[in-house]
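I opened the notebook today to look up a few salt bridges and then a bit of sheet. Here is what I went through, in order.

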Amino acid sequence: MKRRVLLLNITRMGDLVQMGALLKRLQREWPAVEVDLVVDRRFAPVAALLPHLRHIISYDFHALVDESRVNARDIVTLYRDIAAWARPMAEAGYDRVINLTFNRRSGFLASYIGAPEIRGVAAARDGRTVIHNEWMAYLTDMHHHRRFNRFNLVDIYACGGSGPGSFAPLSVTVPKTASDWAQDFLRGHAAGKQWMAVQVGASDVMKAWRPEHFGRALACIGKQSDIGIVFIGTPQEQETIQAAKRAYRAAGGGQPVVEAAGRTDLVQLAALLAQCKLLLTNDTGPMHLAVGVGTPVVDTSVGHVDFHETGPYGPGHWVVQPDLSCAPCGFEQVCMHHACKDRLVPEQIAALSLHALKAGPFPAWTSGIRIYESAVDEDGLATYRLRAGREEVLTAWYGAFWRQIWFENFTGSDSACATLSDPPPDLEDALRNIRKLLSLAAGLVSRAQTLVHLATRHPLPVADLKRAQALDEQDRAQALEMSLRSPVSSPAAIALLRDLQSDDGDTLAAMARSRADTYRRWRARLAAADAKLTMVARVSSGLSHHRPLTMHPAAQSA
């Protein structure tokens, strides 16, 4: 039986390209599956470059948001118009709706269209949003424990929308007409020249390296290679590009410079990137386009950008991150110094770019920065391997630790990645914390079962219920406070908070059962952490062939 899937992805251009692995994974899961995509009208041309899509369904969501903000039309009319537009999708009989847009509006749309299975954000009965699928729920959690996240958005989309599998690279197909245009465009500036693309701007100034630093780096590259420069971007980035060009000329840059910013549509931009030998860029949508057309990337990861989340996907790319304890900063954080942007020295970026162009050795001087090479790990997922610089030991250890725990929790299979052998620097504190938390989790499960029992009695024992609920809140607050303080438990605490907000039920008893299930999931995650920590401690202490370390009873029962 032929299957049908509907994808909702209506936010940014880069998110569309990052669906590439999901589209391929769906074809493996259900051969000959028919996949349709709902997309913002501005990005429909990019969607047309992606493989394995049957229909592209576009709507001017940008205008919809603007109209709702200024009350150009009342909210009831807006919802009625959307419902009328979406009705054919609701009648299409999709087997699965995959919502990759994490807001309330898309959740309403996903639930209205309906399907036997929804993955991602959907609407709850009371108007709140709920998230279906563990991978998709993790996507909302990871921003709260970014230090320990090691999953790329591409893999979360693929695993959450379909399932784990072998590595599937991003893929963007450039039409011949666009490819011919790009060749003619570059040939018109310097026939026979090789080119590198440069994206100086970004959608958010926080994640943009300084334009004068770009200019100095490009001048260094031009003095040691015969490669021309193509500036890409939007018309709004002209001021930034001109600043980079002034710095380039002041530093003695003499290679040909082409300005393509504002002179291409999205399809032509993809074609232009395909003609280039390298893209030097901030974390932007064009970065993912470059990956999709097979152009190597050097990514300057500054500000609130976390390359583990959105860095260039698959092997063959490079990421440079400042060696600062605050990097990356949080999305809500207001930075008063932007020191990260000055840690990336132009000469270092130039040396790495030359190495990526196969025109020079790996940089010999890398102080103040961390250089990562993109790769694929043993589970078929994206990873970034440290090639220069140093990582904070606690962060690196717990990043690998939680990477294995979440993978095994979400897939039900062992990770093929190498088992941790060295213990964390806080081993004794971690074991003590996790076992105290397991006791607290067991108590919360027991308390929730008491609430279930009380909620099913007739008549309802209101006073007893209130007392039990007050004790539950007290114990939960204590458990959360302790759990959030330690890296061995804080990611599980974030998941617990999200689950608590999603507790649902038609009756008081159903809500109590939902709460009990939430506590059981938390206890199981803690138990997995305790088991892995115990195993590492046993191996590192040489006790694997002697007296085994004792696992907490709650971990054994979970």
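I began with a pair on the surface: E481 is exposed, and R485 is exposed too. I keep in mind that this is a predicted model. The two form a salt bridge, with their closest N and O atoms 3.9 Å apart. I then followed salt bridges that share partners and found one network joining E134, D141, R498, D499, R521 and R525.

How many salt bridges does the structure hold? I got 37.

Next I turned to D429 and R432, whose side chains meet in a salt bridge at 2.2 Å, N to O. Both sit in helix α18 (residues 427–455), 3 residues apart, about one turn of the helix. I noted D429 as partly exposed because its relative accessible area is 40%, between the 20% and 50% cut-offs.

I also checked R210, which forms a salt bridge with D342, the closest N and O atoms being 2.9 Å apart. This pair links distant parts of the chain, 132 residues apart: R210 is in the loop between β7 and α10, and D342 is in helix α15. R210 counts as partly exposed at 23% relative accessibility, and D342 is partly exposed at 42%.

Last, I looked at strand β4 (residues 96–99). R96 and I98 point one way, V97 and N99 the other, and all are buried. Strand β1 runs parallel to β4, joined by 4 bridges, and L6 has V97 as its bridge partner. On β5, also parallel to β4 and joined by 4 bridges, I found I118 opposite V97. From β4 the chain crosses through helix α6 to β5, a right-handed β-α-β crossover.

Note on methods. Residues are numbered from 1 along each chain as its sequence is written. This is a predicted model: local features need pLDDT of at least 70, side-chain atom pairs count only at pLDDT 80 or more; totals for chains, interfaces and linings use all residues. Side-chain values use heavy atoms; hydrogens and water are left out. Buried means under 20% relative accessible area, exposed over 50%, partly exposed in between (1.4 Å probe, protein chains only). Helices (H or I, at least four residues) and strands (E, at least two) are DSSP runs, numbered from the N terminus. Two strands pair if DSSP finds at least two bridges between them. A crossover is right-handed if, with the strands pointing away from the viewer, the path from the first strand over the helix to the second runs clockwise. A salt bridge is a side-chain nitrogen of Lys or Arg within 4 Å of a carboxyl oxygen of Asp or Glu.
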